[in-house]
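Trainee: Could you take one part of this chain and walk me through it slowly? I'd like to know what sits around it and how that region is put together.

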Amino acid sequence: MNPHRPGRTALAPALLTAAALLALSACGSSEADSGSGAASTVTVRIPDPGNSGVLAVGKKDGSLDKALGKAGAKVEWTGSAGPFAPAAQAMNAGQLDFATGSITSGVTSLAQRPGFKFFTAVDPDATGEGILVRDGSGIDSVAGLVGKKVAVNQGGTGEYLLLKALAKAGIPADKVERVYLRPDQTAAVFNAGKVDAWAVWATYAVAEIGSGKAHFVADGAAIGSDNYSLNAVRTDFAEKHPEIVKALYRYLHDASARQKKDPAAYLNVFTDVGPTAVTGKAQEVQTAITAKGGTVDPIGPEDIERFEAVAAFYAEQKVTKGQVDVAAHLLDVEKLT
């Protein structure tokens with residue numbers, strides 16, 4: 001168990017038969033798909049991690065392949081990391097085996113016909129997500145958003161953060177105009193003043209805060225966010241290769257603990273120049289957020305309660321048609337056999 005999370009306990013027995021971590025490649029040479037024998041190597045398709053994070057380090061130094069190799073697997077980096085919704089669709093279609101997302105986007109993806117399970121959790125980010133406003137905007141509280149336009153990604157973290165902030169402040173959701181935008185297209189709109197605020201997470205907030213021109217009017221802690229970060233695996237693979245799931249979990253857990261102790265070592269992994277590099281004040285902001293953040297851990301009962309609170313909130317806010325049964329799509333990575 002992670003020493004930073006002493007309260008964690010095992011999942012409920014009903015979850016113990018849920019599928020495991022990494023999904024199998026659809027290529028014909030893969031052992032699990034072809035039935036060609038135990039000597040074959042299983043290919044795990046993972047979105048390319050970009051320039052930062054534990055997977056970027058694992059790609060660069062080969063440590064992830066080495067760890068998974070002991071379980072008879074290798075990585076195929078495919079596509080690029082991004083919002084969870086399209087990654088969930090790719091897993092459902094058998095085109096991707098592993099992805100990272102949030103419980104908020106996870107709930108809306110589970111409302112479809114999911115072909116994946118969640119197997120790890122990272123505690124909600126108290127300092128790296130929130131409602132972002134431009135310096136000098138005149139908005140100094142959540143109440144100041146009334147009558148304003150706020151950019152959010154529909155059904156994901158942004159919409160959740162805004163609705164949660166408004167609910168906590170006792171403000172009806174219809175008093176604020178939600179502007180649905182893809183997060184990778186929002187910065188230009190935000191900086192041009194076409195929206196008044198942006199409900200966003202660290203991936204995009206760091207650059208804006210680091211520019212010295214924006215700040216959170218309410219961060220995750222102030223909002224009371226239950227927005228966990230989760231790792232998901234394609235269900236079919238998880239059922240066939242629990243040992244690979246466990247190997248990936250151990251790698252992510254250990255690497256995330258090292259990242260928390262030395263955040264700077266996990267930034268600018270491949271390059272320290274260009275659009276993917278985090279430099280200057282933004283680098284300071286990101287390292288501070290990571291140092292205060294959580295580590296990759298198994299999902300425990302206390303986490304499930306908070307997942308279910310998010311699902312209930314989404315149903316209450318009409319983001320989903322009804323309450324999604326999150327617990328039915330979780331697995332206990334520590335009890336895989």
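Mentor: Let's look at H8, residues 202-210. Its buried residues pack against strand E5 (130-134), helix H7 (186-191), strand E8 (197-200), strand E9 (214-219) and H12. Packing here goes by contact, meaning heavy atoms within 4.5 Å. The labels are DSSP runs numbered from the N terminus: helices are H or I with at least four residues, and strands are E with at least two. Keep in mind that this is a predicted model: local features need pLDDT of at least 70, side-chain atom pairs count only at pLDDT 80 or more, and totals for chains, interfaces and linings use all residues. Residues are numbered from 1 along each chain as its sequence is written, and side-chain values use heavy atoms, with hydrogens and water left out.

So who is tucked away in H8? Ala 202, Tyr 204, Ala 205, Val 206, Glu 208 and Gly 210 are the buried ones. Buried means under 20% relative accessible area, with exposed over 50% and partly exposed in between (1.4 Å probe, protein chains only). Just past the end of H8, Gly 212 has a positive phi of about 80 degrees.

Now for a helix neighbour. H8 packs on helix H12 (residues 280-292) at an angle of about 135 degrees, and their axes are 7 Å apart. That makes H8 oblique to H12. (Under 35 degrees is roughly parallel, over 145 roughly antiparallel, 65 to 115 roughly perpendicular, and the rest oblique; angles run from 0 to 180 degrees between N-to-C directions, with axes as lines fitted to C-alpha atoms, for helices over the stretch in contact.) H8 brings Ala 202, Val 206, Ala 207, Ile 209 and Gly 210 to the contact, and H12 brings Lys 281, Ala 282, Val 285, Gln 286 and Ile 289. Sort these residues by type and you get seven nonpolar, two polar and one charged. (Nonpolar covers Ala, Val, Leu, Ile, Met, Phe, Trp, Tyr, Cys and Pro; charged covers Asp, Glu, Lys and Arg; the others, Gly among them, are polar.)

What about the strand neighbours? E5, E8 and E9 belong to an open sheet of five strands, ordered E7-E6-E8-E5-E9, with mixed pairing. Strand E7 (177-180) and E9 are at the edges with a single partner strand each, so one side of each has no neighbour in the sheet. On average, neighbouring strands here are turned by 30 degrees against each other, direction ignored. Two strands pair if DSSP finds at least two bridges between them; E5 and E9 have five, in the antiparallel sense. One example is Ile 131, whose bridge partner in E9 is Ala 218.

For contrast, here's another sheet in the chain. Three strands form it in the order E3-E10-E4, open and antiparallel. Its edge strands are E3 (98-102) and E4 (116-122), each pairing on one side only. E10 (residues 229-234) is joined to E4 by six bridges and to E3 by five. Five of the six residues of E10 are buried, so the rest of the structure largely encloses E10. Helix H11 (residues 242-261) lies across these strands, at about 25 degrees to E4.

Zooming out, the chain has 13 helices and ten strands, and 52% of its 337 residues count as buried.
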